[in-house]
Amino acid sequence: MDGTSFDVTGKVAVITGAGGVICGAMARAMAKAGMKVALLDLFLDRAQETAEEIAAAGGQSAAVQANVLDKESLAAAREAVIARFGRVDVLINGAGGNKKEASTGPELSFFDMPIDALKWVFDLNVMGAVLTTQAFGRDIAASEGVVINIASMASIIPLTNTIAYSGAKAAVANFTQWMAVHFNQNYSEKIRVNAIAPGFLLTEQNRFLMQKEDGSPTPRGEKVLAKTPMGRYGAPEEMAGPVLWLCSDAASFVNGAIIPIDGGFSAYWGV
Ligand SMILES: NC(=O)c1ccc[n+]([C@@H]2O[C@H](COP(=O)([O-])OP(=O)(O)OC[C@H]3O[C@@H](n4cnc5c(N)ncnc54)[C@H](O)[C@@H]3O)[C@@H](O)[C@H]2O)c1
């Protein structure tokens with residue numbers, strides 16, 4: 001290893017939320033680069049759709065049902081992954097998201113926010129990553145592998161409206177740094193734990209905040225585009241390149257980092 005190889009051929013990756021927009025795109029790119037990809041999702045049919053696309057392109061993957069909030073489900077998924085691929089080199093904690101009932105807006109004040117919705121967002125984004133890392137962490141320690149979490153622009157400075165999502169993603173960034181140190185100090189100095197912080201993508205998760213029903217931008221959407229120096233939303237596929245780099249030896253000294261992939265959003269105050 002000399003820190004310059006981008007080759008990831010043959011590495012085994014586990015991706016949670018692999019039936020989703022961003023992690024599906026990552027999974028397809030990783031399989032195309034020669035990785036073997038275990039596609040974990042709460043909804044098996046979503047993971048299977050990604051697996052079919054990967055198979056059609058000549059890649060190797062396996063769809064596995066898993067709930068990142070259920071230790072038994074994660075243990076069963078781990079058994080299935082080890083039975084199929086024998087090891088885990090990369091873990092991507094991709095399952096996450098927000099919901100309307102946990103965001104303030106014209107119809108929902110901060111004072112009336114339902115506790116269940118707030119907890120749902122914290123659980124999915126934070127506990128989901130923690131429990132999944134517990135389930136696969138020994139395999140990562142054994143392979144001296146890589147963990148990649150999905151943070152957000154909201155990890156750095158909170159976004160308006162999304163109280164629970166902002167707090168949860170700040171915790172994901174903090175957990176990333178904590179876990180990098182913990183794994184190095186306790187298991188191997190070669191393990192690397194990083195996060196990517198995607199900028200603004202237009203997906204089902206945030207469309208209600210960014211776009212009106214007729215497709216024109218909401219005032220929030222207009223502000224996001226104005227504060228993104230590149231002047232556009234990102235595409236899910238654009239998250240994949242930096243993730244492949246983080247999986248490879250070319251990132252051999254990148255550890256505990258939160259990498260923005262945001263078209264410059266986090267570099268610009270807007271003035
Ligand atoms: N879309 C964006 O603009 C954006 C920006 C920054 C960060 N992110 C983060 O990127 C990640 C992926 O986002 P996305 O937009 O692709 O979301 P998505 O909703 O398209 O995909 C999420 C996937 O996770 C799965 N999932 C939900 N709950 C689960 C559970 N309990 N166990 C296992 N799987 C579960 C869903 O079935 C779905 O397939 C999330 O962590 C999200 O917070 C998204």
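1. Helix 1 and helix 2 cross with a right-handed sense; a crossing is left-handed if the near helix is turned anticlockwise from the far one by less than a right angle, and right-handed if clockwise. Helices are DSSP runs (H or I, at least four residues; strands are E, at least two), numbered from the N terminus. The model is a predicted one, in which local features need pLDDT of at least 70 and side-chain atom pairs count only at pLDDT 80 or more, while totals for chains, interfaces and linings use all residues. Residue numbers start from 1 along each chain as its sequence is written.

2. The axes of helix 1 and helix 2 (residues 44–56) come within 10 Å, at a crossing angle of roughly 30 degrees. Helix 1 is therefore roughly parallel to helix 2. Axes here are lines fitted to C-alpha atoms, for helices over the stretch in contact, and angles run from 0 to 180 degrees between N-to-C directions. Angles under 35 degrees count as roughly parallel, over 145 as roughly antiparallel, 65 to 115 as roughly perpendicular and the rest as oblique.

3. On the helix 1 side the contact is made by G24, A27, R28 and A31, which meet T50, E53 and I54 of helix 2. Contact requires C-beta atoms, placed from the backbone, within 7 Å. This contact has three nonpolar, two polar and two charged residues. Ala, Val, Leu, Ile, Met, Phe, Trp, Tyr, Cys and Pro count as nonpolar, Asp, Glu, Lys and Arg as charged, and the others, Gly among them, as polar.

4. Helix 3 (residues 71–85) packs on helix 4 with axes 10 Å apart and an angle of about 40 degrees, so the two are oblique to each other. Their crossing is right-handed. K71, L74, A75 and R78 in helix 3 meet L131, T132, A135 and F136 in helix 4; by class, that contact has five nonpolar, one polar and two charged residues.

5. The chain is divided into domain 1 (12–199 + 236–262) and domain 2 (202–233), with bounds from an automatic or database domain assignment. Six residues of domain 1 are in contact with five of domain 2.

6. The ligand is surrounded by 29 residues, the closest being G17, G19, G20, I22 and G96; a residue is near a molecule or strand if its C-beta atom, placed from the backbone, lies within 6 Å of it. Helix 1 gives the largest share of the shell, three residues.

Definitions and conventions: Contact = placed C-beta atoms within 7 Å.
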